[in-house]
Amino acid sequence: MGDRSTVEIKDGDNSVYLYTHWTGNKLLENVHSALKREQRWTDDSYLSRIVFCEMLRYGYRNDLTKAFDDECSFGISSTPCENEYKDIVLDCEKEEITVGALKCSFKEFVSAPEKMMKHYKGE
């Protein structure tokens, strides 16, 4: 039981996976919020941190300090995790986002996210 989703952030052959157990339906919106900042798009380590912070901000919106003590809800992995939604992949080298079968540049997604948001949720 849960609402699981994962975003893969890749740089060349390397990837990190950011996982949410309870807020999968909002993960693509969290990614959009992170990319909308237009910071560190080509730096996988910083972009990963920015995306993860947006995930925590949404997941713990009532009390962000709980994020430091909670033993579940979010994770960071070197391998893919459980997923109930279409795959989200951020390619830092190409500055591209892929959601399931759809792909576009970060800039395109930031300016017009609606099509990918619907696709992500299967609408």
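Which residues in α1 meet which residues in α2? In this predicted model, where local features need pLDDT of at least 70, side-chain atom pairs count only at pLDDT 80 or more, and totals for chains, interfaces and linings use all residues, the residues of α1 that meet α2 are Leu27, Asn30, Val31, Ser33, Ala34 and Leu35, and their partners in α2 are Leu47, Ile50, Val51, Glu54, Met55 and Tyr58. Residues are numbered from 1 along each chain as its sequence is written, and side-chain values use heavy atoms, with hydrogens and water left out. Contact here means heavy atoms within 4.5 Å, while helices (H or I, at least four residues) and strands (E, at least two) are DSSP runs, numbered from the N terminus.

**Helix α1 and its two partners**

Two packed helices are described by the angle between their axes and the distance between the axes. Axes are lines fitted to C-alpha atoms, for helices over the stretch in contact, and angles run from 0 to 180 degrees between N-to-C directions.

| Pair | Angle | Axis distance |
|---|---|---|
| α1 and α2 | about 125° | 8 Å |
| α1 and α4 | roughly 155° | within 10 Å |

With that angle, α1 is roughly antiparallel to α4, whereas α1 and α2 are oblique to each other; angles under 35 degrees count as roughly parallel, over 145 as roughly antiparallel, 65 to 115 as roughly perpendicular and the rest as oblique. By class, the contact of α1 with α2 has 9 nonpolar, 2 polar and 1 charged residues, where Ala, Val, Leu, Ile, Met, Phe, Trp, Tyr, Cys and Pro count as nonpolar, Asp, Glu, Lys and Arg as charged, and the others, Gly among them, as polar.

On the side of α4, Met116, Met117, Tyr120 and Lys121 meet Leu27, Leu28, Glu29 and His32 of α1, and this contact of α1 with α4 has 5 nonpolar, 1 polar and 2 charged residues. Helix α1 is mostly covered, since 7 of its 10 residues are buried, a word that means under 20% relative accessible area, with exposed meaning over 50% and partly exposed in between (1.4 Å probe, protein chains only). The buried residues of α1 are Leu27, Leu28, Asn30, Val31, His32, Ala34 and Leu35.

**Tyr120 in helix α4**

Tyr120 is found in helix α4, which spans residues 114–121, and at 2% relative accessibility it counts as buried. Although Tyr120 and Leu28 are 92 residues apart in sequence, their C-alpha atoms are 7.5 Å apart in space. Not counting residues up to four places away in sequence, Tyr120 touches several others, including Ser5, Asn25, Tyr85 and Val99. A polar atom of the Tyr120 side chain lies 2.6 Å from the backbone oxygen of Gly24.

Most residues other than glycine have a negative phi, and most peptide bonds are trans.

Note on methods. A polar contact is a pair of N or O atoms within 3.5 Å; within protein, one must be able to donate a hydrogen and the other to accept it, and residues adjacent in sequence count only if both atoms are side-chain atoms.
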